[in-house]
Amino acid sequence: QVQLVESGGGLVQPGGSLRLSCAASGIAFRIYHMAWYRQAPGKQREVIARISTDGSTYYADSVKGRFTISRDNAKNMVHLQMSSLKPEDTAIYYCNLVTRSLPWGQGTQVTVSS
C-alpha cells in the first residue's frame, strides 16, 4: 500500500526552527525524486524544495537559505529542516514525488506565530 506520512509540525515563534519528516511506504523510494510542498490558507499548494535521487536539491526563492531538504534511502524518509521561520511560512506541509503522483498524505501543520 502506497502511503506518505508527514510529521514534525507544530507551533513555533518567528525565528525558530522545526524539522519535518516524511515516511514513504509501498514504493521503491530510492529511485524517485522527492519534494516538499506547502499549502497556506486560501492559496494553492506550492513546491518549496526538491531532492533528486543523486542528492541534488532545488529550493523555491521563498525558502532558499533557510530550509534544507535531505533524504534517507535506507529508511525511506525525506526530511525538511526549517530555520529562521517567518509567519508567512505558516501552512500545511506535504511530501510527494516531484511528479505529485502519489496519494497525498494528511500533511503536517506548521504555525509560525508569536
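Quick definition before you click anything: buried means under 20% relative accessible area, exposed over 50% and partly exposed in between, using a 1.4 Å probe and protein chains only. You're looking at a predicted model, where local features need pLDDT of at least 70, side-chain atom pairs count only at pLDDT 80 or more, and totals for chains, interfaces and linings use all residues. Residues are numbered from 1 along each chain as its sequence is written, and side-chain values use heavy atoms, with hydrogens and water left out.

Start by selecting Tyr37, which is buried at a relative accessible area of 1%. Tyr37 and Trp104 make an edge-to-face one, 5.1 Å centre to centre with 85 degrees between the planes. Tyr37 sits in strand 4 and Trp104 in the loop between strand 9 and strand 10, so this pair ties together parts 67 residues apart in sequence (strands are DSSP runs of E, at least two residues, numbered from the N terminus).

Next, pick Tyr94 in strand 9, buried with a relative accessible area of 8%. Tyr94 also pairs edge-to-face with Trp104, at 5.7 Å and 80 degrees. Show Tyr37, Tyr94 and Trp104 together: they form one aromatic cluster.

Last stop: select Arg50 and Tyr58, where Arg50 lies over the ring face at 4.1 Å from the centre.

Notes: Rings of Phe, Tyr and Trp (its six-membered ring) pair if their centres lie within 6.5 Å; planes under 30 degrees apart count as stacked, over 60 as edge-to-face and the rest as tilted. Helices (H or I, at least four residues) and strands (E, at least two) are DSSP runs, numbered from the N terminus. A charge sits over a ring if NZ of Lys or CZ of Arg is within 6 Å of the ring centre and within 35 degrees of the ring normal.
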